[in-house]
Amino acid sequence: MEHFLALMCLLGSFLHVLAQCTAPASEFQLEGEYLIGGLFDIHHSTAVYHGRPEAIDCSSQPFLLPNYRRFQLMRFSVEEINNSTNLLPNVSLGYEIFDYCSSRKNFPDIFKLISVNGLIQPWDEPHKQQLNKSDVSKVIAVVGPFTSTQALTVAPLLMVDLIPMISYGSSSSVFSKKAQFPSLLRTVHPNKKAIDVIVKIVQHFNWRWVAFLNSDDDYGIDGLELFIKQIKQTEICLAYTKGLNANTNYPRIFKQIEAQRIPIIIVFAQKMTVEALIESAIQLNVTNKVWIADEGWSLNKELPKKKGIKNIGTVLGVSQPVVTIPGFSDFIYSFKSQTHCENAEQNIFCNQVCNCGSLNAEDVIAADPSFSFYVYSAVYAVAHALHNTLQRITGRCNDNITVYPHMVLAELKKSNFTLLNQHIQFDENGDPTFGSYSIVFWNHIGDAEEIGFYKLHPSVHVFINNTKIQWNPNGEVPTSLCSPECDVGYAKKQDGIHKCCFNCEICPNGTYINSTEDPYECINCKETEWSAAGSTSCNLREVEYIPFTDSKAIMIMLGAWALVGLTLAMSVLFAFNYNTPVVRSAGGPMCFLIFGCLSLCSLSVFFYFDKPTVSFCILRYFPFLLFYTVCLACFVVRSFQIVCIFKMAAKFPKLHSWWMKYHGQWLVITVAFVTQAFLLLFGYTFSPPKPYNETVEYPDKIILGCDIDLKASSGPVVLLLSLGSLCFIFSYMGKDLPKNYNEAKAITFCLLLLILTWIIFATQYLLYHGKNIQTLNALAVLSSLYSFLLWYFLPKCYIIICQPHRNTQEYFQGLIQNYTKTISQ
């Protein structure tokens, strides 16, 4: 909007000035059949407020010698092309150059370039009516201007008519957008490339904590945005940034930089802004810094010679390789040796007065050579495009053809020629595909010494020779860190908004740190891995389980087979002595059911070993819970029968008769079996036991086991505990039965052993979680089976075999009669 308003305000002043500014100036104008426009800010205008639009006298402003050198390079390039027999033969090339000293006040020169006989016409006018060649502007392209802000100001005017505009210094990223700037090309690389080099330099020396100072204009702001974007995926932190302008408070800037202990200062700004910054640094005694220069001031000829420049620290920079242009020095010497007198009254056209006749040739040749090749290649690109346009139309070069700027633009985009060993081409965005960068160091004699390079084509390659750098003040490479690096095995925990400021925390057990991938995060090891505190990698866990070949497993399995053998032997013994009092008092036919269930319970023992599977986990618990329920139900019934016979038969005869009539013992056993079977099937259908890897207790081991759903298993366990409790209650009620009649006592003792066994196992299970817990579980199951087999049935086997006199009807009747007499007394 500012540019548009300035354009409108100056339109009126242009018509007035145009009428007065008609005399040619020898340095700024050259007649030719085709003209190239040129925009060079030879002078620099300071911002002064005016109450009304008015032209500005550029020659009265501060003189810029490097820009004057580039101005002369364009003149030299045109003269060299005119003397060529291969490029544009029989065609004379001319130029119309303006001193573009102010972006806001120099529109008249742009209007002059795009006008035809003093009138501004849209480019499609020739299509409406046939015009004479004299009615078409001879300006086929414009070289310049230098800065991005200048280009943004004038580009819209040139884009309307698709006049090719080749900038040799406007590197802002916005110019790559062809929708906005369809006819703009440039021989300078976009800012992104220069920022890439700066980031590579910072990374090369492992600097993390940097400041970025930029000129407060389109060029500097674009550089800052690119730098912020570029360092997002790096370990570089932008500790401080500030836009610089004419009103900048430099003491405050350096005070803030010093307060944050920032040793690296990147300066991405225009030449005059940088000169003010460095002069302030010298005056304010800013020391021991590393300054990184962009290509705009890295080859500055004046700053390295300033008094006190060495005190500010070390200056590194990104620059264009200095290309020697053959014949340019001879051109300058020849031009300056001529008697050249400028008459300000004759050269009154806007911005075409230099007043630089006092300069000698040595001053011009020795000026900052930056962007020289870019000017040279821009002029040659236009010449080649014009050459190709003329040949495409007629097959030869002549001056009888009307050439429109958009024709030259089409050929410019297809540029493909070699100039001083550089292959000149442009990409689809109008950016150059040629060139490279040099990395320079300001040495002790004030020269920009090349210490490395950054090649762009055909692939990116960076090299820096550290040995050539003389670091000020102590010769050592400075460090730039907000926080010192963490020791191995420690993760960075960000402290504040900057990722470079952090505390170091050791990675705990089960985690590791990979500093190359993410130094800020402790990574969890996989479930199959482990690590100690402060590890940089994980180790595989040792998988532990009890195999079938383990000695303890073999002993327990042999014990289970022995139990099966004993139950089988006892079953045979009880079968042969089925009608004896001992067998009948032990339970009669119920004894064979108990023997069978104990044998089936022993199946569970075999599935506690080897790698657990779903079926193994189910079979660990299902046979034991189901068939041990039947065993306990049998002993509940047996305990109840003992108490009923000796205590309840006389007091409750009807209850005893009902029990005998309806076979109450088998009814209770059946109900217990069916209930337990239903609970197990229901629970295991929805949540069966499954393999489980214990990884919490031992960081370096994986214990293979089975995971039990407590809700699904609660019903069967509660039923088992209830039967055990009833059994204990009934058996305990018979503690005062005849001394020699020890059925109830035997059952009570077995139950006490059973309770003690599982209390011991539960204690071990809470305290120990190693692989041997499976062995202890199998041992507890086997002990539960042996408690009834050894302490209930084995004494009866002993009586049958060794004390047959106690296995008679008379003996048992005598015990009962004596107990009855005792109760009645």
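Two strands pair if DSSP finds at least two bridges between them. Helices (H or I, at least four residues) and strands (E, at least two) are themselves DSSP runs, numbered from the N terminus.

**Before you start clicking**

This is a predicted model, in which local features need pLDDT of at least 70 and side-chain atom pairs count only at pLDDT 80 or more, while totals for chains, interfaces and linings use all residues. Residues are numbered from 1 along each chain as its sequence is written, and side-chain values use heavy atoms, with hydrogens and water left out.

**Stop 1**

Select strands S26 and S27. Five bridges join S26 to S27, and the two run antiparallel. Pick Lys-690 and look across: its bridge partner in S27 is Asp-707. A hairpin of six residues links S26 to S27.

S25 and strand S27 (residues 701–707) run parallel, joined by three bridges. Glu-544 stands opposite Ile-703 in S27.

**Stop 1: the eight-strand sheet**

Next, select S9 to S13 and S16 to S18. Eight strands form an open sheet in the order S10-S9-S11-S12-S13-S16-S17-S18, and the pairing is mixed. Strand S10 (237–244) and strand S18 (461–464) stand at the edges with a single partner strand each, so one side of each has no neighbour in the sheet. From one strand to the next, the twist averages 20°.

Zoom in on strand S13 (residues 313–319) and strand S16 (residues 436–442): they run antiparallel and are joined by four bridges. Val-318 has Ile-439 in S16 as its bridge partner.

Helix H7 (residues 218–230) lies across strand S9 (209–215), S10 and strand S11 (264–268), running at about 155° to S9. For these angles, axes are lines fitted to C-alpha atoms, for helices over the stretch in contact, and angles run from 0 to 180 degrees between N-to-C directions.

**Stop 2: two helix pairs**

Two packed helices are described by the angle between their axes and the distance between the axes. Select helix H16 (residues 589–601) and helix H19 (residues 664–686): they pack at an angle of about 15°, with axes 12 Å apart. That makes H16 roughly parallel to H19 (angles under 35 degrees count as roughly parallel, over 145 as roughly antiparallel, 65 to 115 as roughly perpendicular and the rest as oblique). Which residues meet here? Pro-589, Met-590 and Leu-593 in H16 meet Gln-665, Trp-666 and Ile-669 in H19. By class, this contact has five nonpolar, one polar and no charged residues (Ala, Val, Leu, Ile, Met, Phe, Trp, Tyr, Cys and Pro count as nonpolar, Asp, Glu, Lys and Arg as charged, and the others, Gly among them, as polar).

Move on to helix H21 (residues 743–767) and helix H22 (residues 773–802). Their axes come within 9 Å and cross at roughly 170°. H21 and H22 are therefore roughly antiparallel to each other. Their contact has 17 nonpolar, six polar and two charged residues.

**Stop 4**

Most residues other than glycine have a negative phi, and most peptide bonds are trans. Select Gly-144 and Pro-145: a cis peptide bond joins them, with omega about -5°. Pro-145 sits in the loop between strand S6 (139–143) and helix H5 (148–160). Then find Arg-261, in the loop between helix H8 (250–259) and S11. Phi of Arg-261 is near 55°, a positive value in a residue other than glycine.

**Last stop: colour by confidence**

Colour the chain by pLDDT, the predictor's confidence in each residue, from 0 to 100. The chain's mean pLDDT is 85, and 86% of its residues reach 70 or more. Where is confidence lowest, and where highest? The lowest is in helix H1 (residues 2–20), at a mean of 38, and the highest in S11, at 97. Residues 339–348 stay under 50. Where pLDDT is low, the predicted coordinates should not be read in detail.

How values were computed. Contact = heavy atoms within 4.5 Å.
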